[in-house]
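Please open the model in your viewer and keep the selection tool at hand. The stops below go from the sheet to the helices, then to the cores and a few individual residues.

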Amino acid sequence: MTDEEKKYFDIIMNSLSPEHREREEADPLHVLIIVRGFQKENPRDQETIKAMKRIMDWRDKVGFYNFFDQHLPMEKEFYEWWPERIYGTDKYGHFLQVIRASEILADKFDDVDPDQIEKLQGQKMKTYGEYKRKISKEKGQTRYKHSLVIDMTGVSLNLARQKKRDLLKRIFDVGTHYYPETMWKIYLVNSPFLFRGIWAIVKPWLHPITVAKVNVLGSYKSSMDHMMKDGITPDQLPDWIGGSHKGQTTVSLLHEYIEQAKQSS
């Protein structure tokens, strides 16, 4: 932490309620991430405090601190309709979160309470955060960012319809607003021509810094070549793209953390 970061770190901590301050003192990395994520905002102190308050209020609303205490309602359906997997890491230790568009059953979410979707997505993001802590401990170097790979094969303009747009926005907003500064790079693999229309819809929801991390790529082979240049070796890449990593489902990792919480309570 630099002297300048320490200055804003202290400003944030002093702005918190006693209860929130106690929680954040036990997890100072979270505050530092916020400090770094809003370093280009102006006025920096006011915008950073505002963001921290928004995050703290959201955490209280969704039960963030109890996310690993139990399985949330609709968990089974959520991960069946929006499955994700975790693969290897790049040379810096950023793991790969992978989504395959052809596996997303967006229509299934039409009648699901949007607030419940938000809670489930928030729990998922916390799962990724814990996984990054595990990697950091193993490598002896702090890593709080990861990369996202989206296989665009089978993507449809159906996602541009209003209900689907609302679903996508709800899910993306959780990361943008409540888990800032978590993305290292984003790889959109096997992107069809029609994706330009969908990208025009999604792009405004993302922070400009996040948009700058997006790599719109072509075929599996060219995508793999690109990612290898970014320091991701074949043994860390998904088997379906040409690598050899089998991956782990995100929901199975979540279950591990819930079980660990039960055993430690």
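Two strands are said to pair if DSSP finds at least two bridges between them, and helices (H or I, at least four residues) and strands (E, at least two) are DSSP runs numbered from the N terminus. This is a predicted model, in which local features need pLDDT of at least 70 and side-chain atom pairs count only at pLDDT 80 or more, while totals for chains, interfaces and linings use all residues. Residues are numbered from 1 along each chain as its sequence is written, and side-chain values use heavy atoms, with hydrogens and water left out.

**The sheet**

Select strand 2 (residues 95-100) together with strand 3 (residues 146-151), which pair in the parallel sense over five bridges; one place to look is R100, whose bridge partner in strand 3 is D151.

Return to strand 3 and colour it by accessibility, where buried means under 20% relative accessible area, exposed over 50% and partly exposed in between (1.4 Å probe, protein chains only). Six of the six residues of strand 3 are buried: H146, L148 and I150 point one way, while S147, V149 and D151 point the other way.

**Two crossing helices**

Next, show helix 4 (residues 44-62) and helix 6 (residues 114-139), whose axes come within 10 Å and cross at roughly 110°. Axes are lines fitted to C-alpha atoms, for helices over the stretch in contact, and angles run from 0 to 180 degrees between N-to-C directions. Helix 4 and helix 6 are therefore roughly perpendicular to each other, a term that covers angles of 65 to 115 degrees, with those under 35 counted as roughly parallel, those over 145 as roughly antiparallel and the rest as oblique. Display W58, K61 and V62 of helix 4 and E118, K119 and G122 of helix 6, the residues that make the contact, where contact means heavy atoms within 4.5 Å.

**The cores**

Which two residues touch the most other members of the largest nonpolar core? Within its 62 residues they are W82 and Y179, a nonpolar core being a set of buried Ala, Val, Leu, Ile, Met, Phe, Trp, Tyr and Cys residues joined through side-chain atoms within 4.5 Å. Centre on Y179 and, leaving out residues up to four places away in sequence, you will find that Y179 touches W58, F64, F67, G122, M125, K126 and V174. Another core of 13 residues lies apart from the largest one and includes L217, M224, L237 and W240.

**Individual residues**

Move to L32 in helix 3, which counts as buried at 9% relative accessibility and, beyond its neighbours within four places in sequence, is in contact with M1, E5 and F9.

Then inspect the backbone at the peptide bond from N42 to P43, which is cis with omega near 0°; P43 is found in the loop between helix 3 (28-37) and helix 4. M74, in the loop between helix 4 and helix 5 (75-81), has a positive phi near 75° although it is a residue other than glycine, and M74 counts as partly exposed at 29% relative accessibility. Finish at E181, in the loop between helix 7 (162-178) and strand 4 (183-189), where phi is again positive, at about 60°, in a residue that is not a glycine; E181 counts as buried at 18% relative accessibility.
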